[in-house]
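Please read the points below alongside the sequence and the model, which are shown first.

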Amino acid sequence: MQLTDKLIVLADAAKYDASCASSGAPKRSSKGQKGLGATNGNGICHSFTPDGRCVALLKILMTNFCLYDCQYCINRRSSNVPRARFSVDEIVRLTLDFYRRNLISGLFLSSGIIRSNDYTMEALVRVARTLRIEHQFRGYIHLKTIPDASPDLIRQAGLYADRLSVNVELPTSQSLERLAPEKSDTTIRHAMSTIRDGLEEATAEPKAPRFSPGGQSTQMIVGADETDDHTILGNVQSLYSQYHLKRVYYSAFSPIPESPSSVPLIAPPLLREHRLYQADFLIRGYGFHADELLTGPGNLSLDIDPKLAWALNHRELFPIDLDSADMYMIARVPGIGVTSAHRIDTLRRERRIRYSDLTRLGCSMKKLAPFITTQDYRPRQAGLERHALLAQLQTSTPAQMALL
Amino acid sequence: MTMYTLHMTRANFTCWRDDARRLLAARVPPGNVLWQSEDSAGDLFASGGTDLPPPAEAPLALRLSRHELRRLECASHYWHTHHQECRWALLYRVVWRLAMGEGEALLAGDSDGAIIEQRVKAVSHEVHHIHAFLRFHPQPVDDEHQHAPEFIAWFEPRHDVLEAAAQHFIDRMGQHRWLIMTPGGAIICDGRQWHIERPETGAFTVKDYQALAEMEDDAEDLWLAYYASTFNPARLNEKTMVRSMPSRFWQHMPERVLITGLISHARHGAQRLGQDSRLATRRGRTIASNGKSRH
């Protein structure tokens with residue numbers, strides 16, 4: 001098989017992984033040195049495909065031959081797809097060539113499981129080692145970890161990779177049992193603990209060997225099973241606290257060819273995925289608790305964002321006075337982000353806040369208007385009932401993102 | 001009241017900083033200074049340069065933190081349009097206000113601070129764009145080209161981002177020799193040192209660049225194969241793509257030839273599935289579950 005053909009097969013096989021981050025790596029430079037590549041902690045999106053997703057890394061599988069039969073996966077062993085396998089040298093050559101042309105910032109390598117878990121993991125590590133040692137490649141490397149691989153191989157991977165990830169795949173262990181019979185929640189969590197322990201050791205001991213400096217992340221597929229957002233967010237919150245995850249990625253399930261009847265054949269729920277990312281961001285960046293965003297079973301509202309939904313359910317806390325409120329509460333106002341909250345705080349040390357300052361800070365005025373007061377502004381909507389206010393704030397009719 | 005005219009053609013932040021120091025020392029208010037730069041040519045009141053007055057009895061001086069200085073410098077890389085305020089005039093008004101004790105002048109909630117913030121954002125964004133969307137083309141390497149660049153690129157930035165680009169690519173490219181040409185100047189790197197060469201008159205054009213380049217390049221096909229295959233037609237979302245990758249950059253990106261085709265193909269049927277349609281028609285291969293893969 002030609003290299004181009006392999007690339008077509010193995011990029012198509014890898015694209016269902018949503019993660020594209022090339023951030024979080026330590027500062028590295030090849031200035032005046034042998035070798036190639038740099039990282040500085042910030043990710044770069046080198047291109048965008050018409051699905052609106054960024055191309056930051058060469059995201060491929062080493063092979064899409066796979067012994068597992070995960071129902072949601074296009075590469076499951078019962079799937080009738082063309083199969084291919086890259087050699088180590090082919091992956092290295094593609095990575096370096098694309099990198100020199102400034103097409104990518106590094107490599108995101110994953111694989112189907114062939115022969116055994118350790119055999120597969122070892123092959124992934126070999127690619128990373130060849131890039132790092134033989135070619136002194138200092139760009140970004142993200143390795144997808146095979147959960148059942150031995151802890152020793154995971155540690156080796158951590159020496160070369162900037163980020164490691166193990167996918168939890170599905171929101172609950174029951175779904176995993178049903179749709180991915182060969183995988184187990186226990187071993188997935190075991191691998192995540194191995195990575196967490198490696199990360200902890202590397203931070204605790206300055207002399208410890210380097211270990212995945214960009215941390216670990218995971219992904220779950222949304223919409224392949226019946227799990228609701230309430231359960232998802234609850235599980236996500238515990239994942240963040242147990243495994244020091246940098247990110248949880250949500251991948252709206254895209255129907256695959258010759259779909260087994262166990263998974264739906266409907267358009268990917270893109271808006272739901274978007275709301276989950278927003279809720280996830282509120283948990284990571286704003287100190288929201290999953291239970292605050294959804295108090296009972298069900299899904300996040302599709303027509304308004306979760307922060308606005310929360311504020312509408314807590315009218316008794318608003319409006320707040322921007323000159324005196326806690327920073328923590330300012331960041332909870334719909335339409336004011338963490339950055340703006342900090343800027344408001346800096347500005348109010350110089351003088352009192354005026355309504356027009358908020359426009360200049362780039363806040364979303366329509367959203368924040370009912371929830372704040374300043375010395376020159378008081379909301380007219382203060383007395384409105386929740387549903388009346390909701391009607392005012394809804395920007396458009398609720399719908400899934402345009403399809404067909 | 002005397003008006004002072006300062007010529008800022010081809011000026012940089014350091015020149016402005018010297019002038020601003022002397023103007024503050026002489027307590028010249030911002031309304032009494034005309035900053036003449038290449039982008040504000042033909043000012044009605046422009047005249048020959050005026051000698052700056054000697055320091056006043058109570059000279060103004062200003063100490064800025066490194067962070068504040070960096071913000072001002074970044075804003076100075078913003079190329080304003082005709083109906084926008086000259087960058088040097090804006091910067092001087094801000095430091096004047098700071099010197100007069102108006103601490104908010106540099107904060108994003110202030111009217112001047114907001115413009116600074118907007119310009120800092122625009123410049124940082126453009127720096128990001130050149131880091132992301134610039135494309136190097138490999139050049140022939142043989143005895144004849146021993147000192148010629150191995151990789152060359154053409155880019156048309158909106159603001160002055162050459163230095164930021166140079167710092168970035170020298171970290172990335174190791175000992176490779178490379179050249180980036182833009183209308184306002186070219187960065188030339190020999191694998192150790194880099195410098196910026198400005199056009200003697202006017203600007204470099206894409207023709208100047210093409211005269212340097214050997215554009216035959218087969219390996220671009222690999223990238224095109226990857227781009228089309230990593231695209232998921234079931235998630236078509238043009239709006240986000242265009243917002244994140246403005247079309248003014250497409251012209252010099254190889255993938256431009258694919259975009260329209262991928263979109264229309266996704267709209268006409270391919271959108272139900274995520275798989276690349278080139279693969280759907282090919283013979284596939286299921287794998288027996290006896291624990292051995294067949295390859």
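**Notes on the two chains and their interface**

1. Chain A is divided into domain 1 (3-218 + 225-232 + 241-247) and domain 2 (306-393), with bounds that come from an automatic or database domain assignment. The C-alpha centres of domain 1 of chain A and domain 2 of chain A are 41 Å apart.

2. On the basis for these notes: this is a predicted model, in which local features need pLDDT of at least 70 and side-chain atom pairs count only at pLDDT 80 or more, while totals for chains, interfaces and linings use all residues. Residues are numbered from 1 along each chain as its sequence is written, chains are lettered from A and ligands numbered from 1 in the order in which they are written, and side-chain values use heavy atoms, with hydrogens and water left out.

3. Chain B and chain A bury about 6700 Å² between them, 58% of it on carbon and sulfur atoms; buried area is the accessible area (1.4 Å probe) that two parts lose on being put together, summed over both. Of the area that chain B buries against chain A, B:R172, B:Y226 and B:R235 supply 13%, more than any other three residues. In terms of contact (heavy atoms within 4.5 Å), 77 residues of chain B meet 82 residues of chain A.

4. Helix 1 (residues 3-12) of chain A is mostly covered, as eight of its ten residues are buried, that is, under 20% relative accessible area with a 1.4 Å probe and protein chains only. Helices here are DSSP runs (H or I, at least four residues), as are strands (E, at least two), numbered from the N terminus. The buried residues of helix 1 of chain A pack against strand 3 (58-61) and helix 2 (88-100) of chain A, and also against helix 7 (220-230) and helix 10 (277-280) of chain B.

5. Four salt bridges are found across the interface of chain B and chain A, a salt bridge being a side-chain nitrogen of Lys or Arg within 4 Å of a carboxyl oxygen of Asp or Glu. The side chains of B:R282 and A:D5 form a salt bridge (3.7 Å, N to O).

6. A:H46 deserves a separate look: where does A:H46 have its place? A:H46 is in the loop between helix 1 and strand 1 (47-48) of chain A, and A:H46 counts as buried because its relative accessibility is 0%. Not counting residues up to four places away in sequence, A:H46 touches residues of both chains, including A:N102, A:S105, B:H131 and B:R172.

Methods
Buried means under 20% relative accessible area, exposed over 50%, partly exposed in between (1.4 Å probe, protein chains only).
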